[in-house]
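Dear colleague,

I am handing over the structure below, and my notes on its charged residues follow it. Please read them alongside the coordinates.

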Amino acid sequence: MDCFYCQVETREKPELKGKPMCVVQYKDYRGGGIIAVNYEARKYGVGRNMRGDEAKKKCEDVILVKVPEARGKADLTKYRDAGKEVIQVLLQFGGTVERASIDEAYVDLTAVVLDKINHMKVTEKEIPNTHIVGYDDKASWLKEAFDENDLQSDDMKLAVGAAIVEEMRAEVFSQTQFRCSAGIAHNKVLAKLTCGLHKPNKQTVLPQTQVKPYFHTIGIHKVRGLGGKLGEEIAEKLHCKTMGDLAQISILDLRRHFDDKITTWLFHLARGVEQEEVKERDLPKSIGNEKIRETLFTFKLHSTEPFHFDEIFSQ
């Protein structure tokens, strides 16, 4: 979803439309911590790593909308409920939908695409808001994708998927008034990676043939699963900055530093191959901090191992 928290607030308060705006938590301290910035505010250099007072210095007209609170805690209920509205629209198209967060979902359209592919010809008209990685001209990619010698090529499947996603995004707006962007690729990692390339309200296709050149431009830390300690370890031990660098590392060299499971996963990931399935599920209910503390202290009472509360709780 594009600046989702801001969209939720704008739908609730239409007078905010077109004005620079941020959604903040706990506004009492330095204007609150910013958790969402609309595009009007971003033009002034306002970012999510700022606090509300800093945003005001960048843009004196920026409007700070505070997240509701319940019992002294941020209450995200209305944003979660708005996200569920979007999920309900996505489910109408017959794919497998996995809600990944309040404002993000994965959709496996394989079965839907295979059902349509033999009787659906995709033209530029069907994908007006779509960008293709590695191609300036959509027409040339579509011509290659619908080569008569291969009636079910990988690119043809992506093209049909892109046409369906255009419909899905339009329907999301029709039913909820929310705009969203999308990435269309052959696995979750690539789809997520390309989703943000052309925002807002656009979608991007990543053909498998374009993964290798594209990965030469992508920093390791930007890839799902490599943004934390593992990515730092790879950069330090293997001297890799981009996914293209990682693809140059042999599986034997990887095995010198990592166990077999991580080695195999990294070797394939560096080549754009990833097997994690989209699993139909909703978000689990959140667990309050006090409940987590209670659980951890219970573990402390029954454990004979050294216990470092701060380290475990931070995870």
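In which helix do R256 and D253 both lie, and how many residues apart are they? Both belong to helix α12 (residues 251-257), where they are 3 residues apart, about one turn of the helix; helices here are DSSP runs of H or I with at least four residues, strands are runs of E with at least two, and both are numbered from the N terminus. This is a predicted model, in which local features need pLDDT of at least 70 and side-chain atom pairs count only at pLDDT 80 or more, while totals for chains, interfaces and linings use all residues. Residues are numbered from 1 along each chain as its sequence is written, and side-chain values use heavy atoms, with hydrogens and water left out.

R256 and D253 form a salt bridge, with the closest N and O atoms 2.0 Å apart (a side-chain nitrogen of Lys or Arg within 4 Å of a carboxyl oxygen of Asp or Glu). R256 counts as exposed at 61% relative accessibility, whereas D253 is partly exposed at 31% (buried is under 20% relative accessible area, exposed over 50%, partly exposed in between, with a 1.4 Å probe and protein chains only).

A salt bridge also joins R224 to E276, the closest N and O atoms being 3.0 Å apart. R224 lies in the loop between α9 (211-215) and α10 (229-238) and E276 in the loop between α13 (260-269) and α14 (289-302), so this pair ties together parts that are 52 residues apart in sequence.

A search of the whole structure finds 16 salt bridges, and E9, E12, K13 and K78 are linked in a network of them.

Best regards
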